[in-house]
Each structure stands twice: as structure tokens, then as C-alpha cells.
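This briefing is written for a reader who has the sequence and the coordinates at hand. Please keep both in view while going through the points below.

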Amino acid sequence: SKHPDPLHTLREVEILDAKTREKLCFLDKVEPHATIAEIKNLFTKTHPQWYPARQSLRLDPKGKSLKDEDVLQKLPVGTTATLYFRDLGAQISWVTVFLTEYAGPLFIYLLFYFRVPFIYGHKYDFTSSRHTVVHLACICHSFHYVKRLLETLFVHRFSHGTMPLRNIFKNCTYYWGFAAWMAYYINHPLYTPPTYGAQQVKLALAIFVICQLGNFSIHMALRDLRPAGSKTRKIPYPTKNPFTWLFLLVSCPNYTYEVGSWIGFAIMTQCLPVALFSLVGFTQMTIWAKGKHRSYLKEFRDYPPLRMPIIPFLL
Amino acid sequence: MAAAAATAAAKGNGGGGGRAGAGDAVRGPGRRPDDLPREAHPGRPGSDGERRQPRWLVIAVGLVRAYLAKGSYHSLYYSIEKPLKFFQTGALLEILHCAIGIVPSSVVLTSFQVMSRVFLIWAVTHSVKEVQSEDSVLLFVIAWTITEIIRYSFYTFSLLNHLPYLIKWARYTLFIVLYPMGVSGELLTIYAALPFVRQAGLYSISLPNKYNFSFDYHAFLILIMISYIPIFPQLYFHMIHQRRKILSHTEEHKKFE
């Protein structure tokens with residue numbers, strides 16, 4: 001007589017609401033090697049308003065979400081698995097959010113640069129600034145956001161597909177708002193060029209360009225760490241590219257270079273709102289860098305001890 | 001006991017002007033951690049509630065005496081100016097207490113409330129001398145004073161484990177009048193300050209300047225006034241909701257006694 005093969009017994013999955021414990025769905029004849037992603041797709045069939053991206057399934061109502069790649073038979077469940085569901089709310093893809101939040105500043109800054117009507121007095125409509133630094137600033141600002149858009153489309157590999165919808169309003173307000181505020185002053189007819197003139201502008205431009213190259217180098221290095229379609233995580237190390245040598249001292253050199261770029265831009269334009277934008281950005285990126293640094297330390301025993309999250313030796 | 005006081009505090013406060021009530025309405029004592037019983041701070045003599053109580057009485061007494069002395073209330077601001085500034089600014093310490101964790105309140109909410117009161121005292125009333133004789137100043141000072149006296153009485157009695165229903169009732173009912181009263185006083189004061197701010201160009205900077213920055217304090221004040229429109233109703237109705245919860249809860253308890 002044959003013993004029933006546990007690896008091939010079909011399973012049952014019941015999905016309950018994490019808050020009300022109401023039974024939402026019962027799936028029978030589920031393959032034991034089915035993934036959470038497949039179960040999510042099955043769940044969507046009975047509840048089409050909850051597409052897979054907004055489902056959080058977990059083994060415990062208050063526990064962590066299960067990953068899409070997790071396999072049913074590897075989970076600590078019996079032949080009938082009980083999963084708890086939480087609605088993550090409307091989701092939007094990371095790519096969409098990035099493209100929207102970066103396209104805004106690119107376009108908005110140009111409105112101010114070309115002195116489109118109703119921003120400055122009518123006699124200034126469509127006039128051009130007489131300061132070289134103002135033209136340079138426009139090129140730098142536009143380059144920065146074009147770079148970001150291209151990186152979003154061709155370079156970055158996102159580990160999460162989506163984020164909550166409300167983030168797009170929050171993020172766009174931040175990026176678009178600051179872009180308008182900076183652009184207003186830099187392109188203003190009463191703009192005052194930097195105190196130390198061409199020297200100051202040249203130095204600032206050098207800082208900006210170096211940091212832009214650095215930031216791009218880090219993005220490429222991070223991309224190369226992770227093969228297409230995978231979600232593996234590895235410790236990033238310096239490569240032959242000198243800009244990546246900052247990895248020796250810092251966990252998130254992309255943020256370091258980003259702050260550097262904006263400091264360069266602030267010095268170039270000598271504009272207080274730019275300095276404030278840099279400060280706010282620095283604060284946020286420090287929070288992110290510390291988080292990333294902490295997860296590296298947790299995940300990798302052999303993580304280089306010399307590294308700080310964002311500023312070498314300091315922060 | 002601390003938990004009870006903190007929970008009660010978290011459920012709303014006795015009033016207070018405008019956004020000044022924000023901190024209290026949500027979590028923990030927005031203003032002062034008097035909910036520190038002797039057990040929590042063995043080294044400290046007496047609770048903060050008991051020590052804080054007198055300051056508002058000082059202001060209240062100051063007000064009454066000055067009125068009796070001068071027979072008119074227009075110069076009352078000058079009588080209470082110094083203690084008001086001192087104590088209200090001292091409330092900044094409450095933010096520190098939240099930040100370093102002595103008090104389980106939210107730093108953000110406490111900051112919000114304390115900052116809004118400090119703003120009104122320093123950035124409006126003190127900065128624009130011409131509004132100091134306005135009735136509206138009295139309006140918010142009285143509203144704040146009564147609120148705080150009731151609130152700290154509530155905390156004190158709670159700590160002594162003998163909270164008369166009257167105090168609880170007062171705390172969760174008088175805000176219905178005191179809150180709009182305080183908000184009106186604040187808004188009217190800011191409004192009264194506007195022409196003087198514009199005339200003097202107070203705290204404002206215009207182009208061109210070497211930092212390529214401009215700030216119009218007059219416009220900023222108008223924005224602040226507008227912000228009361230979404231914020232005030234939310235806080236007010238939140239407190240009404242809390243009132244219903246707390247006071248009906250007490251009624252049920254009484255039935256079972």
C-alpha cells in the first residue's frame with residue numbers, strides 16, 4: 001500500500017480578515033508548491049477590488065507580511081492554512097511616482113526660467129536674465145532631473161513594486177513646491193549673483209558635477225549588484241570606478257553625493273531657499289541612510305565596521 | 001495613576017485657545033507633565049500639577065487686582081505681561097520633557113500647542129505694541145487662564161485620588177465656550193496687528209538682497225489666520241466627541257455604584 005505523499009497532497013487555504021477575523025475566502029485544491037503571489041491572484045478572483053499589490057497576507061493578524069516568493073508548503077501551516085489579510089490601501093507603482101515627482105520640477109523650473117507671464121511683472125514676460133550663473137543654474141537643475149528620470153526608467157531596480165497612493169501627493173507637493181520656490185528667486189529680475197563672483201560659481205559647479213557623476217556611479221554599482229528580476233541583497237563594495245571608493249567609508253554614498261550636489265547648487269546660486277531644500281533633503285536622506293545601514297548590519301555579519309551611514313566618520 | 005491621568009489627558013482638555021488645544025486633544029498632557037506621581041519620580045517633592053497650579057492663579061489674581069486698581073481693563077495686559085511671558089515661554093520645557101521621555105506625550109503635538117501660544121505672545125502681542133491694549137488680548141488670556149486652572153485642578157485632584165465630578169465636568173464642558181473664545185481672541189489680535197505689521201515692514205525682507213530670499217510677515221500672518229479654518233473645527237469636534245465618551249462613561253459607572 002502506498003503512503004499518501006505529503007509533498008503532493010493538495011492543500012486548503014482560508015483567508016480571514018486580520019481585524020474582524022471574518023472569513024473572506026476559502027481556497028481548496030491548492031498546490032503545495034504554490035507561492036503567496038499565486039494565492040494572492042486566486043484571492044483577487046473572488047475580491048477583485050483587492051488587487052494583489054494591495055494585499056498583505058500574514059500568518060498572524062499582527063505579524064509581518066508574507067513575501068510573494070514564499071512557498072505554501074514551506075510555511076509552518078498544516079494541510080489547511082489560515083492566512084490573515086490586511087488591505088494596504090490603493091497602491092501606485094514606484095516607477096509612476098518617481099516619474100511624476102521628477103518631471104514636475106523639470107517643467108516648473110523652466111516656467112520660471114523663461115519668465116512665463118503672471119509670475120513676475122508684465123514688463124519681464126519672456127525676458128532673459130543677464131547673469132551667466134542664472135543660465136548655468138537652469139542647465140544644472142534640468143540636467144539633474146533629466147538624469148533622475150532616465151535612471152528611473154533604465155537604471156534602478158526596485159525591490160517593491162508599489163507604494164500607497166497617498167505618497168504621490170505628499171512627494172509631489174514636496175518636490176514641486178520646493179522647485180517653484182527656488183526657481184522663483186533664481187530667475188527673478190532682482191536676483192543678486194554670488195558675492196565672490198565667477199570664482200564661487202566655478203567652485204560650486206565643480207562640486208556639483210563631481211557629485212552628479214558620483215551619484216550616477218553609485219546607482220550603476222548598486223544595479224550591478226542585483227541581477228535583473230531578482231531581489232537578492234548583497235553588501236556593496238568599491239569597484240574600479242574611483243567614485244565608488246566612497247563605499248569604503250559610507251553605506252549610502254548615493255545620498256552623500258546627492259547632498260553634495262545640492263550644496264554645490266546652493267553655493268552656485270547663493271540662494272537661501274536652495275540651502276533650506278538641501279537641509280531638508282539631508283535630514284530625510286540621513287534617516288533613510290541610517291535605516292539602510294541598520295538593515296545591512298542586521299543582515300550581514302561581516303559588514304565592514306569602518307562604514308558610517310551617510311557622512312564619513314561622522315553620521 | 002500616571003496612566004489614568006495620561007489617558008484622561010489624552011482624551012481631551014478643558015479648552016484653551018485655538019490650536020493651543022491641539023496637543024491636549026490627542027495624546028497626553030499637551031502642556032505639562034503634572035501627571036508624574038510621586039511613585040514615578042521619587043526624588044521630586046510634590047507633583048508638577050500642584051506646582052504648576054499657582055502660575056495661572058498668579059496671572060488671574062494679577063488681572064483682577066489690576067482691574068480693581070485701575071478701574072479699566074485696557075491696560076491690563078501690562079500688569080500680567082511679565083508673568084504671562086515667563087510662564088508661557090517656560091512651557092517650552094514641556095516639549096523637552098516629551099523629547100527626553102519623562103512624559104509619554106507626542107513631541108510633535110506638544111510642540112505644536114506650545115509653539116502656537118508662544119507665537120501669539122512673542123511674535124504678535126509683544127512685537128506689535130499697538131495691539132496690547134486691544135480687548136482681544138484679554139479675551140485669549142482669560143480663556144487660556146481659565147482653561148489651565150481647570151486643567152491643573154483636574155490633574156491635581158486626580159493625583160489625590162479624589163476627583164469631584166464637578167471638576168471633570170468643567171474640564172470636559174467649559175471648553176465648549178472657552179475654546180471659541182480663545183480662538184476669537186487670537187484671531188482678532190492677529191487681525192488687529194496686520195496694518196501695523198505692514199506699515200513697519202515688521203520681520204519682513206524684500207528683494208534684492210544677497211541671499212536671494214524674501215519674506216512677507218504680513219502675508220504670513222494672513223496664512224496663519226486661514227490655517228485656523230481647517231484646524232479649529234477638527235480639534236473642536238474631536239473634543240466634543242471625547243466629551244461624549246468620557247462623560248457618558250462616568251454616568252454608566254455611577255449607575256453601577
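A residue is termed buried under 20% relative accessible area, exposed over 50%, and partly exposed in between. A:S65 has a relative accessible area of 40% and is therefore partly exposed. The model is predicted.

**Surroundings of A:S65**

- A:S65 is located in the loop that runs between β3 (55-58) and β4 (80-87) of chain A.
- The side chains of A:S65 and A:S56 are joined by a polar contact of 2.5 Å.
- A:Q55 stands 10 residues from A:S65 in sequence, and their C-alpha atoms are 9.2 Å apart in space.

**Annotated segments of chain A**

- An unreviewed UniProt entry lists "domain: TECR-like N-terminal" at residues 12-87 of chain A.
- In the model, residues 12-87 of chain A are 14% helix and 34% strand, with 22 Å between the end C-alpha atoms.

- A:N187 belongs to the loop between α4 (166-186) and α5 (197-225) of chain A.
- The relative accessibility of A:N187 is 1%, so A:N187 counts as buried.
- A polar atom of the A:N187 side chain lies 3.0 Å from the backbone oxygen of A:A183.
- With a relative accessible area of 18%, A:Y113 is buried, because the value falls under 20%.
- Setting aside neighbours within four places in sequence, A:Y113 is in contact with A:T127, A:V134, A:H135, A:C138 and A:N187.
- A polar contact of 2.6 Å links the side chain of A:Y113 to that of A:H135.
- A:Y113 and A:H188 are 75 residues apart along the chain, yet their C-alpha atoms are separated by 8.5 Å.

**Backbone geometry**

- Most residues other than glycine have a negative phi, and most peptide bonds are trans.
- A:K29 lies in strand β2 (residues 23-30) of chain A and counts as exposed at 63% relative accessibility.
- A:F126, also a residue other than glycine, has a positive phi near 60 degrees.
- A:F126 is situated in the loop between α2 (94-113) and α3 (132-154) of chain A, and it counts as exposed at 60% relative accessibility.
- In chain B, the peptide bond joining B:L207 and B:P208 is cis, with omega about -10 degrees.
- B:P208 is found in the loop between α9 and α10 (217-255) of chain B.

**Helices of chain B**

- Of its 257 residues, 49% count as buried.
- Among contacts in chain B with a separation of 6 or more, 73% are between residues 24 or more positions apart.
- Helix α8 (residues 165-173) and helix α9 (residues 175-200) of chain B pack at an angle of about 40 degrees, and their axes are 6 Å apart.
- This angle makes α8(B) oblique to α9(B).
- On the α8(B) side the contact is made by B:A170, B:R171, B:Y172 and B:T173, and on the α9(B) side by B:F175, B:I176 and B:V177.
- The residues of this contact comprise 5 nonpolar, 1 polar and 1 charged.

Key: Residues are numbered from 1 along each chain as its sequence is written. Chains are lettered from A and ligands numbered from 1 in the order in which they are written. This is a predicted model: local features need pLDDT of at least 70, side-chain atom pairs count only at pLDDT 80 or more; totals for chains, interfaces and linings use all residues. Side-chain values use heavy atoms; hydrogens and water are left out. Axes are lines fitted to C-alpha atoms, for helices over the stretch in contact, and angles run from 0 to 180 degrees between N-to-C directions. Helices (H or I, at least four residues) and strands (E, at least two) are DSSP runs, numbered from the N terminus. Angles under 35 degrees count as roughly parallel, over 145 as roughly antiparallel, 65 to 115 as roughly perpendicular and the rest as oblique. Contact means heavy atoms within 4.5 Å. Ala, Val, Leu, Ile, Met, Phe, Trp, Tyr, Cys and Pro count as nonpolar, Asp, Glu, Lys and Arg as charged, and the others, Gly among them, as polar. Buried means under 20% relative accessible area, exposed over 50%, partly exposed in between (1.4 Å probe, protein chains only). A polar contact is a pair of N or O atoms within 3.5 Å; within protein, one must be able to donate a hydrogen and the other to accept it, and residues adjacent in sequence count only if both atoms are side-chain atoms. UniProt positions are given in the numbering used here, feature names are shortened, and annotations may be inferred rather than shown by experiment.
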